[in-house]
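Colleague: I am new to this one. Can you walk me through how to read buried and exposed residues?

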Amino acid sequence: MNDASSPGDPRSRFRLWCALVIVAAAILSWRVHRGVEIDSNILHLLPATERDPVVEEIVEQFAEAGATRSVFLIGGLEPARSVEAGDRLAASLRASPVFREVQFRVADDVGAATYELYFPHRYAVLSKRMQDVLAAPDAAEEIVAHARRTMYAPVATFNSSLLERDPLFFFSDFVEGLAGAREGWTIVDGAVVIEHDDAAYAMVTAVAHESAFSREAQRTVTPVVSAAIEEVQGAFPGAQVLRGGALKFATEAAGMAEREASIIGIGSIIGVVLLMVSTFRSLRQLTFGMCSLAVAFLFAATATFVAFERVHLVTLGFGASLLGVCIDYSFHYFSEGLEAPEAGGPSVLRRVFAAISFGALTSGIGYGALSLAPFPGLRQMTVFSCFGLLGAYLTVCCLYPRFQVVSPRASPPLLLRLSTRMIRRLDAIPPARAVAGLLLIAACSLPALGQLQVDDDIRALQASSPSLRDEEDRVRAVVQAGDFSRFFVVEGRDAQEVLEREVALRVHLDALVARGHLGAYFAVSSAVPPASEQRRQASKLATALDAGRPAVTAYFEEVGMGPRASQGLWSALEAAPAAPLEVTTWMESPASFAQRDLWVGTTSRGVASVVMLSEVRDASGVLAITAPGVSYVDKVSDISQLLRRYRTKAARLVALAYLAIFVFLVARYGVRLGVCASVPSILAALSVFGVFGYAGFALNIFHMLGLLLVLGISVDYAIFFAESRASAGPTLLAVALSGVTTLLSFGLLAWSETPFLHGFGSAVLIGICVAFLTAPIAVRALGKS
Amino acid sequence: MNLSALVLVAAMRAPVAAEVAPPSNLYAQAVDAADPELAAVQRRLAAVKSLRATFTQTKRMKALARPLRSQGTILVADGLGVLWQVQEPVASSFMIAPGVMVQVDDRGRTRSLKPSRKPMLYRVMTAFVAVLRGDTTSIGREFQLYFHTTSEGWEIGLRPRQRLVKKAILDITLRGGETIEQIEIREPNGDSALIELTAVEQDPEISSDERRLFPG
């Protein structure tokens, strides 16, 4: 049939299309020229936790500190040898510009620095043991008894020099208590060597410029680290180097994601090409099909780069799956053209126009709904996908009719004949049987609904190889560092208020440690008591010794304590109190190297510090703590809770979308056909739930988002069939081709090792299968008969 | 060495080796570990597997007008370790075995110390035991050896090689004749400790109670 209505239309549409393509290409090249930033930091995909902004900033800063830090433990050697190996490793790391700071052999200064920092305050900064002694009434007697014991003990921890300046061993006592927090930390030749389980590890700490989650950092830092480790293992046979920190996980995850994205992209394209060639037996359709995909990507990329400053790598990866959806319209056009190849372009278009327009519309709704989720990455994906769809749709409408896309043939190709026969058989199914079949599918799924589980824990989304996790666990066990994801943020007007609030918090934490609910914690106030505390202790000490002067004097007489020592003690206690030890002084001293990061310093509303927890065995105790100025941060739990909230929101969104589409279908096709057209998508969703329920897979928000996509695509199929004519061979063929390519694109995701892609892909895979199988039956056998 | 030991070393601020006059001319000339006379004395000492003695420790410190005296017993048990029991004036006991150090004070409170935490005493004691066993090679690694015979018998001197140990110990002098009789430890700042052993019992009976105090 020739289109007699508006002969000029295909040409002018084509020109319009050309113009759009050229404009898009121009914009894109301009944008690329200006510099496109590809964001590779996975963390930026996560939604912002709805937290106090100041606390959030501190959390970010702390997370950044955690993400840039790497720890290397060198074991398997004699301690002195491992120190040499540590020197070598540190030198290699320092030689590279990727690291901002490499720490090794810090301890040489630490001993002297700790002495210089604390000795002047030996009467004010006391050990816990000494503070407890002072609380008792006969404190002076106990102090003297302890001093006596120390004097006569076989283990000599003092000499004349120290004795003269600290005759009652306050400083020695304090130092013993200070170092006790880190078990097994020793110093060999000025380097930190940790003894754990009969092995000794030299520890090198390195801080990189970039976060471990940025792809850029992974690409530059990981090779430097690997090379340095290899060098050490070569020069020191028997050395085992353990890496601690996020870098190895992030690199593995990103590498996996990249590999998979390429596989999916390549797999999809190969699949599409093979399908096209084998179905249509001509390169012409392939060329035009590729053209529509190219334009789809052109539009998608242009829109995304214009709308967003930085485009995330995952958006581009996800876009690779778009191929399977965009090609649907071309398939429809080609299949229709196959049936009547002598018909002109515009005629073919007229036949498929309604189907592909509504299909594009509903897919657009499906993708568009994604943008309502709070994930920044999803908004980009929505823009990318919608404009991609638009590009493909416009190409089919404007480009294809202009040219002879389908070459005239003597007879329709094999697959078309098969589809025509198939659809006739499907059409012949009696409605009763069709209803029974569909109900059966529904019935299979319904029981499993009760078994459905949900799991919003973000840790379930982190699939790291067991060897990396073991390595991290070992490093954690040896270093006994705090947990960078669980801590308290303590705020106050000034440093002293923060320290005092920390002390109040620590009372609760000590109780938890005593009960075994918490392993340990790290707080600045343990190293620098608040000034009020220091004054209080000094005063108590002076009072106690004054009250017990006779006992002290008797003891000094007994051991023959020289006049310099005894006079020194009494005059120091009677003198005006010295200025207390300040946080700033502590920060500047090498003695604070292990805990310095805990002090956040000035924020927009005062001063803050962090109290880091280690080994939280029972979170309820920690969560129950309330204290002024203190907020608890558990990053893992916070994000998991956020994911749970948004999963429920997404579920409602999905239900809403289904309702909206149902209304649309009924409005367009009337009640009977409308209802039947909704059936495939409903069954698709039910089956996804059913399979997950039976298999025991837990649902999370990504499955919900997958369902949105399933809705969009399954409605496409329903609409294709609803708009189809009596002989719907081409339609079946088109839907079959679409189904296979979609399955290829998204289905491949189901085999991904990245959990969220895997979840997404599985949901789509199951849904599309069911939709594809039920669409012709529901719509034609039931709806149209 | 651990952090607290490092801090205390800094606190003790020992001045760099102001040469304290040696008790004799022992430290005038270093000897080789293979020196025959030293080896002969070592063989004689090594023939005794275990040793029990009463000791008197006299600590002379510049800060104190009088020397500090304590008394007790010491047991060097072959294959087990060293048990050092102070009885006067404050009771405490101290056990050293390879890789283990346990201190018990007069209140019965036990403190288990890793040798890495209290290296000085551990070094002194292991050096002492090594001398008793005639294990000159192992001491030779940690200390420079000195030796000469005197009218009363012999003197073995040990001077630490490592920088950090030198800050705390100047030298360890062991004196004896038939058996070991004295151990003198001198510090760079002039403090010294003299341990005199009397009633030395060679290869004594070690009771099962005593055995239980050692690990393994």
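**Inside and outside**

Modeller: Start with Ile423(A): its relative accessible area is 2%, so Ile423(A) is buried. Keep in mind that this is a predicted model.

Colleague: Where does Ile423(A) lie?

Modeller: Ile423(A) sits in helix 16 of chain A, which covers residues 414–427.

Colleague: Which residues is Ile423(A) in contact with, leaving aside its neighbours within four places in sequence?

Modeller: Phe721(A), Ala728(A), Gly729(A), Leu732(A), Pro776(A) and Arg780(A).

Colleague: What is the general idea behind buried nonpolar residues?

Modeller: In soluble globular proteins, nonpolar side chains tend to be buried together. Here, the largest nonpolar core has 124 residues. Tyr333(A), Tyr367(A) and Phe746(A) touch the most other members. Helix 26 of chain A gives the most to this core, with 22 residues. There is also a second, separate core of 87 residues. Leu134(A), Val524(A), Val583(A) and Leu68(B) are among its residues.

Colleague: What does Tyr367(A) touch, not counting residues up to four places away in sequence?

Modeller: Its partners include Phe318(A), Leu322(A), Val325(A), Leu709(A) and Phe746(A). Thr382(A), Ser385(A), Cys386(A) and Leu389(A) are touched too.

Colleague: Now Val663(A). Is Val663(A) buried or exposed?

Modeller: Exposed. The cut-off is over 50% relative accessible area, and Val663(A) has 51%. Val663(A) is found in helix 26 of chain A, residues 635–695.

Colleague: Which residues form a nonpolar patch on the surface with Val663(A)?

Modeller: Leu659(A), Phe662(A), Val671(A) and Val675(A). With Val663(A), they have about 430 Å² of accessible area together.

How values were computed:
Residues numbered from 1 in each chain as written. Chains lettered and ligands numbered in written order. Predicted model: local features only at pLDDT ≥ 70, side-chain atom pairs only at ≥ 80, totals over all residues. Heavy atoms only, no water. Patch = residues over 30% accessible without salt bridge, like charges linked within 9 Å, V, L, I, M, F, W, Y side chains within 5 Å. Areas by Shrake-Rupley, 256 points an atom, 1.4 Å probe, with all protein chains shown as cover. Salt bridge = Lys/Arg side-chain N within 4 Å of Asp/Glu carboxyl O. Helix = DSSP H or I, 4+ residues; strand = E, 2+ residues; numbered from the N terminus. Buried < 20%, exposed > 50% of the residue type's maximum accessible area, 1.4 Å probe, protein only. Core = buried A, V, L, I, M, F, W, Y, C linked by side-chain atoms within 4.5 Å. Contact = heavy atoms within 4.5 Å.
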